[in-house]
Amino acid sequence: MHLFGLGNPGEKYFFTRHNSGSRFIDFFLLRLGKEKFSIHRNHHSIYYKTKINNESLTLVKPLTFMNLSGKSILAFKTKYKFSNENMLVIYDDVYLNFGTIKFRGEGGSGGHNGIQSIIDNIGKKFNRLKMGIGYEKLNHKLSLAKFVLEKFTREEEAKMNAYLEFITKIVMNYLQFGLTHSMQKYNNVNFES
C-alpha cells in the first residue's frame, strides 16, 4: 500500500492548511517509529518504506507544488508499477469542518487543484482521505486561495496533534479492513465527537 500526503514543499508551507496531508505523513512516521523506515528520494518525491503485519507500506510526500501533485504520483507509479487500488491520497478539504474526515473511492476534484492534477495524470478512480480544514464555518475575510495557504488558527493548531492522532488510528483501520469498512465507520466523523 502507498500513502500519498499532499502539500507544498518548503518550510514556509509546513504549518499551512494546504499542507495537511504532507504533515500527516510526518506525524504517522513518528507514531510508527521513524527508525523502522528506510528513506528514499527522487526528483519528484521523498518516500519512506516499511512493513506492517508483513505487508509493504510506502509513505510518499511529493516534492512538486500542490498543483503538480499528479506529475509526482504518475512518476512514482510508473517507476514502482502499482495500481490505483493500491494507493490512498490524503489531503485537505475546505468543505469539511475542521477535524472531520471523509473517505472516497473515486470522483471529481471538488475544486482541489492537487486532486485535479492527479485525476489529469492517472484518472479519477483512486482512494482518498479528506481532512476537513473548515473554510465554510469561518468569516470569509480571505479568498479560498489565500485561506488554504494560511496557517491554522491558534485554537486549531492546539488541537492538531489530537486530529492527526485520530487520522493515524483510522488509516491503520483502513490498512487492515479496507475502504468500504472505513467509509461506513468514519465518514463525516469529527475527532472531537
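This is a predicted model: local features need pLDDT of at least 70, side-chain atom pairs count only at pLDDT 80 or more; totals for chains, interfaces and linings use all residues.
Residues are numbered from 1 along each chain as its sequence is written, and side-chain values use heavy atoms, with hydrogens and water left out.

**Strands around β7**

Helices (H or I, at least four residues) and strands (E, at least two) are DSSP runs, numbered from the N terminus. Two strands count as paired if DSSP finds at least two bridges between them.

Strand β7 covers residues 127–132. From β7, N127, L129 and M131 point one way, R128, K130 and G132 point the other way, and all are buried. In a regular strand the side chains alternate between the two faces of the sheet.

| Strands | Sense | Bridges |
|---|---|---|
| β5 and β7 | parallel | six |
| β6 and β7 | antiparallel | four |
| β6 and β8 | antiparallel | two |

Strand β6 spans residues 100–104, and β8 spans residues 189–190. I101 has a partner in each of two strands: M131 is its bridge partner in β7, and V189 stands opposite I101 in β8.

**Pockets**

A pocket is found on a 1 Å grid over the protein atoms alone, as an open set of points where a 1.4 Å probe fits, with protein on both sides within 12 Å along at least five of seven lines; lining residues have an atom within 4 Å of a point. The volume is the space filled by probe spheres set on the points, which are joined across faces, edges and corners.

The largest pocket has a volume of about 420 Å³. Its lining holds 24 residues, and H18, G111, H112, N113 and V148 lie nearest its centre. At least two lining residues come from each of β5 (87–93), β7 and α4 (144–148). By class, the lining of the largest pocket has 10 nonpolar, nine polar and five charged residues. Here Ala, Val, Leu, Ile, Met, Phe, Trp, Tyr, Cys and Pro count as nonpolar, Asp, Glu, Lys and Arg as charged, and the others, Gly among them, as polar.

The second largest pocket holds about 270 Å³ of space. Of its 15 lining residues, I52, E55, Y174, L175 and Q176 are the closest to its centre. The elements that give two or more residues to this lining are β4 (55–62) and α5 (154–177), and α5 supplies the largest share, five residues. Seven nonpolar, six polar and two charged residues make up the lining of the second largest pocket.

**Helices**

F147 lies in helix α4 and is buried, with a relative accessible area of 3%. F147 and H18 are 129 residues apart in sequence but 8.7 Å apart in space, C-alpha to C-alpha.

In helix α2, S69, G70, S72, I73, F76 and K77 are buried. They cover an arc of only 160 degrees around the axis, taken from the directions from the helix axis to the C-beta atoms, which puts them on the same side of α2.

Conventions. Buried means under 20% relative accessible area, exposed over 50%, partly exposed in between (1.4 Å probe, protein chains only).
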